[in-house]
Number of protein chains: 2
Amino acid sequence: MFYSISQAAKKFNLTTHTLRYYDKIGLLPTVGKSSSGLRRFSDNDLNCLAMIECLKETGLKLKEIKKYFVLALKGDETIDERMQMMIDQKSRIEQEIKSLKQNLKKIEFKIKYYQTAKNVGESNVYNEYPQMLAEHDKLFK
Amino acid sequence: MFYSISQAAKKFNLTTHTLRYYDKIGLLPTVGKSSSGLRRFSDNDLNCLAMIECLKETGLKLKEIKKYFVLALKGDETIDERMQMMIDQKSRIEQEIKSLKQNLKKIEFKIKYYQTAKNVGESNVYNEYPQMLAEHDKLFK
DNA sequence: ATAAAATTTAGAGTATGCTCTAAGTCAATA
DNA sequence: TATTGACTTAGAGCATACTCTAAATTTTAT
């Protein structure tokens, strides 16, 4: 089963422009062409796209993603290297989740701060509420 | 207490170039200048920088961060708007953490897949292990 | 057969966030 | 006093990831 570029784009909420751009930079090395030059996306190409989207969403640069697929194309002797890329990516994601959780706490404090400020009717809560100030310092310093 | 641009940069692991850039785009509206034109970062300015870093790390664009500080400068009548910005940002962060956790699972599957492939001594594990294929489909489709 | 819709290419343009350079000014020290 | 180092500005350049255009070709529908 083959898909046109717009069918493939639709499946991943991308534009055809984006898919052609990915092809151009070598991110889709297995996508074929029909006799008249139209791109034909196979099921395997769609699996690649799913992986591209996954890696993109976790912050991997397109250059790195390309490196991954180029390695995959080389065959079994690159398994170790590809596995190491995924292990590295795993720890980057874990670190990112950790960082987001910490920053979420700061944002939640800000919301609480604004609620207090609204109740008190003034925004200069820091001076009035030493306890809040202490909490602020703990979070932001 | 005041800090030079390089002292401020050091505290936040930024370059002086970056701080001047932030100043230029209006992200540091309260930073003053000495009589001879040198920037003077107050403790409050450093607090702003801490908030800028927090918002940056959670993916907010500099334009939005600027909007936040411009609102803060306007005073109490913008508290509601600023609080809404933080509430919106909170849900974006929560969504982002969710997405990262899902993608982490996919990466972890890939690692497991490579380990299996290594044990079996071939990379075409999908055909040999229908169970793994099913797991792959569940994660990637 | 023909018109409309989809595809192709090369290449230009855009948005974001820096990053660096050049030329000059200012402050501290030997 | 001279030099070193930090600072200033304007503005150019860079990396990433698209995004769009134009002109030509192909496919699909009537």
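A polar contact here is a pair of N or O atoms within 3.5 Å; within protein, one atom must be able to donate a hydrogen and the other to accept it, and residues adjacent in sequence count only if both atoms are side-chain atoms. The model is predicted, so local features need pLDDT of at least 70 and side-chain atom pairs count only at pLDDT 80 or more, while totals for chains, interfaces and linings use all residues. Residues are numbered from 1 along each chain as its sequence is written, chains are lettered from A and ligands numbered from 1 in the order in which they are written, and side-chain values use heavy atoms, with hydrogens and water left out.

In chain A, a polar side-chain atom of A:Arg82 lies 3.0 Å from the backbone oxygen of A:Gly75. Beyond its neighbours within four places in sequence, A:Arg82 is in contact (heavy atoms within 4.5 Å) with residues including A:Tyr68, A:Leu71 and B:Tyr114.

The other topic is DNA strand D. A residue is near the strand if one of its heavy atoms lies within 4 Å of it. There are 19 such residues, and A:Tyr22, A:Ser36, B:Ser6, B:Lys33 and B:Arg39 are the closest. Of the atoms of DNA strand D within 4 Å of the protein, 72% belong to sugar and phosphate.
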